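I opened this entry to record what I looked up, element by element. The sequence and structure come before my notes.

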Amino acid sequence: ECPETLRGEEDTANLKRKVDNDEIHIGRAVKIPEAVKNYVLPVDGSTTGSLLTSAAFAAKTILSPPEQGMPSRKVLLVLTRGSDIKVHNALGAMRHFGINPEPQSLLDALEVDGTDRLMEAHRKVSGVVGLGGSKEKKNKLDSDDGYLLITHEDNVRGLHLDGLDAVIVVGRPGSPDEYTHIAGRTGRAGREGSVLNIVSYEQAAALASWTKMLSVDFLPVDERELKSIVS
């Protein structure tokens, strides 16, 4: 089946409606890939500062190359609504702790802004530029270099990042359905992936209650084990 083509700005609205409708239809059948392992790091979540400190430590550990001379890993950090943490605050915290590679906002990395940012994100990631064409310039996110991208829970549906090694989730997502879409960003095309949930002790218990519904096991870890959760 030939992919739908874009023929100018007037088609953008039509395609956006199609994407939104597909999300509603497909969302019910989405499952977390079997290649994804789901971990829980319970922490003192009494303040946003403590959550960000734990997230920074986890990101720094997971991003470290598995062997000297190898590129850093590719990591997406997702801020849930319940965490009440803004992307710019998370960026500031990651930079304060000297995270390398330089942390970026996902939407900035995709050069997306404005009210049509979700639609434009789909176009950027899929490579569609009009009349069935594709981008000539390779997206920097498709390179072998590692990265740390930070975004909000509301911005992850339908996005695809090639070769994503891990997702770090700060706070408990709003629902099992939201968790499914977040966790589904990694473990694609037969690759292994890891999701690390950084939550308060109370949220860890609530997250565990989703085990049967999502058909996944949430494996508890502590900070000493973070290096081993990504292959």
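For the angle I note next, an axis is a line fitted to C-alpha atoms, and angles run from 0 to 180 degrees between N-to-C directions. The model is predicted.

**Entry 1: helix α7 and strand β6**

I started with helix α7, residues 201–208. It lies across β1 (36–43), β6 (193–200) and β7. Its direction makes an angle of about 130 degrees with β6.

I then checked how covered β6 is. Of its 8 residues, 8 are buried. β1 is joined to β6 by 8 bridges, and the two run parallel. In that pair I found V40 opposite N197 of β6. β5 is joined to β6 by 5 bridges, also running parallel. There I168 stands opposite L196 of β6.

**Entry 2: the whole sheet**

Next I wanted the strand order. The sheet is open and has 7 strands, in the order β3-β4-β2-β5-β6-β1-β7. The pairing is parallel. Which strands sit at the edges? They are β3 and β7 (218–220), since each pairs on one side only.

**Entry 3: strand β2**

I moved on to β2, residues 74–79. Why is β2 largely enclosed by the rest of the structure? I counted 6 of its 6 residues as buried, so the rest of the structure largely encloses this strand. Buried here means under 20% relative accessible area.

I sorted the β2 residues by face. In a regular strand the side chains alternate between the two faces of the sheet. K74, L76 and V78 lie on one side, V75, L77 and L79 on the other, and all are buried. Both faces are therefore covered.

I noted the neighbours of β2 too. Strand β4 (residues 147–152) is joined to β2 by 6 bridges, running parallel. V78 stands opposite T151 in β4. Strand β5 (residues 166–170) is joined to β2 by 5 bridges, again running parallel. V75 has A166 of β5 as its bridge partner, and L76 stands opposite V167 in β5.

**Entry 4: helix α3**

I listed the buried residues of helix α3 (residues 87–96): A90, L91, A93 and M94. They span an arc of only 165 degrees around the axis, so they are on the same side of α3. H88 and H96, on the other side of α3, are exposed.

What covers the buried residues of α3? The cover includes α2 (48–63), β2, β3 (104–105) and β4. After α3 comes G98, with a positive phi near 70 degrees.

**Entry 5: α2 against α3**

I looked up how these two helices meet. Their axes come within 9 Å and cross at roughly 55 degrees. α2 and α3 are therefore oblique to each other. The crossing of α2 and α3 is right-handed. From α2, the contact uses L52, A55, A56 and A59. From α3, it uses N89, A90, A93 and M94. I see A90, A93 and M94 among the buried residues of α3 as well.

**Entry 6: T180**

Last, I checked one residue. T180 lies in helix α6, residues 176–183. Is T180 buried or exposed? It is buried, with a relative accessible area of 6%. I set aside its neighbours within four places in sequence. T180 is then in contact with V30, K31, I32 and L214.

Notes:
Residues numbered from 1 in each chain as written. Predicted model: local features only at pLDDT ≥ 70, side-chain atom pairs only at ≥ 80, totals over all residues. Heavy atoms only, no water. Buried < 20%, exposed > 50% of the residue type's maximum accessible area, 1.4 Å probe, protein only. Helix = DSSP H or I, 4+ residues; strand = E, 2+ residues; numbered from the N terminus. Pairing = 2+ DSSP bridges. Arc of directions from axis to C-beta. Contact = heavy atoms within 4.5 Å. Parallel < 35°, antiparallel > 145°, perpendicular 65-115°, else oblique. Left-handed = near helix turned anticlockwise from the far one by under 90°.
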